[in-house]
Amino acid sequence: MEIREYTKYNEEEIRRLYTAVGWTAYTENMSVLQEGYKNSMLTLAAYEGEELLGIIRAVGDGATIVFVQDILVFPDKQRQGIGTALLKAVLERYSNVRQIELATDNTPKTVAFYKSMGFSEMSEIGCCGFMKCRG
């Protein structure tokens, strides 16, 4: 497996990945998703040869805050260390950034994963988070 920057947006493989993990709200308007990728601070992908295994996308300023917007791994490739490798690559790249944040599903599996990577729930550090979503 190789982690490298995702520089050439491939709409079909991105659609397949988002659909495979059930994130179809993103695929309803692929031009908006492509714009999101274009404006991201960093996008890394995990590959086996030329086969996309997973992707991580970060937004922010890269100095004071980084927000992990997306981390997706094809379901048949999960639990093989791909998500861990992608997240570690972002954490290493931004090791001097004070705040690295993300929002995720509140399931035992995802909570355990992020805690194993050194993340804390906001409530555990005296904070709370707010989000305003449309649609």
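Which element gives the largest share of the lining of the largest pocket?

The structure is a predicted model, in which local features need pLDDT of at least 70 and side-chain atom pairs count only at pLDDT 80 or more, while totals for chains, interfaces and linings use all residues. Residues are numbered from 1 along each chain as its sequence is written, and side-chain values use heavy atoms, with hydrogens and water left out.

**First stop: the largest pocket**

Select Trp23, Ile71, Thr104, Asp105 and Tyr114, which lie nearest the centre of the largest pocket among its 36 lining residues. A pocket is found on a 1 Å grid over the protein atoms alone, as an open set of points where a 1.4 Å probe fits, with protein on both sides within 12 Å along at least five of seven lines; lining residues have an atom within 4 Å of a point. Next, colour helix H2 (24-27), strand E4 (65-73), helix H4 (82-93) and helix H5 (108-116), the elements that give two or more residues to this lining. Helices (H or I, at least four residues) and strands (E, at least two) are DSSP runs, numbered from the N terminus. Strand E4 answers the opening question: seven residues of the lining come from it. The space in this pocket is about 1,200 Å³, a volume being the space filled by probe spheres set on grid points joined across faces, edges and corners.

**Second stop: the second largest pocket**

Here the volume is about 880 Å³. Select Glu101, Leu102, Ser120, Glu121 and Met122, the closest to the centre of the 27 residues that line this pocket. Strand E5 (99-102) makes the greatest contribution to the lining, with four residues.

Select Glu124, in the segment after helix H5. Glu124 is partly exposed, at a relative accessible area of 46%; the class lies between buried (under 20%) and exposed (over 50%), with a 1.4 Å probe and protein chains only.

**Last stop: Glu13**

Move to helix H1 (residues 11-20), where Glu13 is found. Glu13 is buried and has no salt bridge, as Arg16, the nearest side chain of opposite charge, is 4.8 Å away. A salt bridge requires a side-chain nitrogen of Lys or Arg within 4 Å of a carboxyl oxygen of Asp or Glu. Finally, display Tyr6, Tyr47, Leu52 and Phe74, which Glu13 touches when residues up to four places away in sequence are not counted; contact means heavy atoms within 4.5 Å.

Methods. Lys and Arg count as positive and Asp and Glu as negative; His and the chain ends are not counted.
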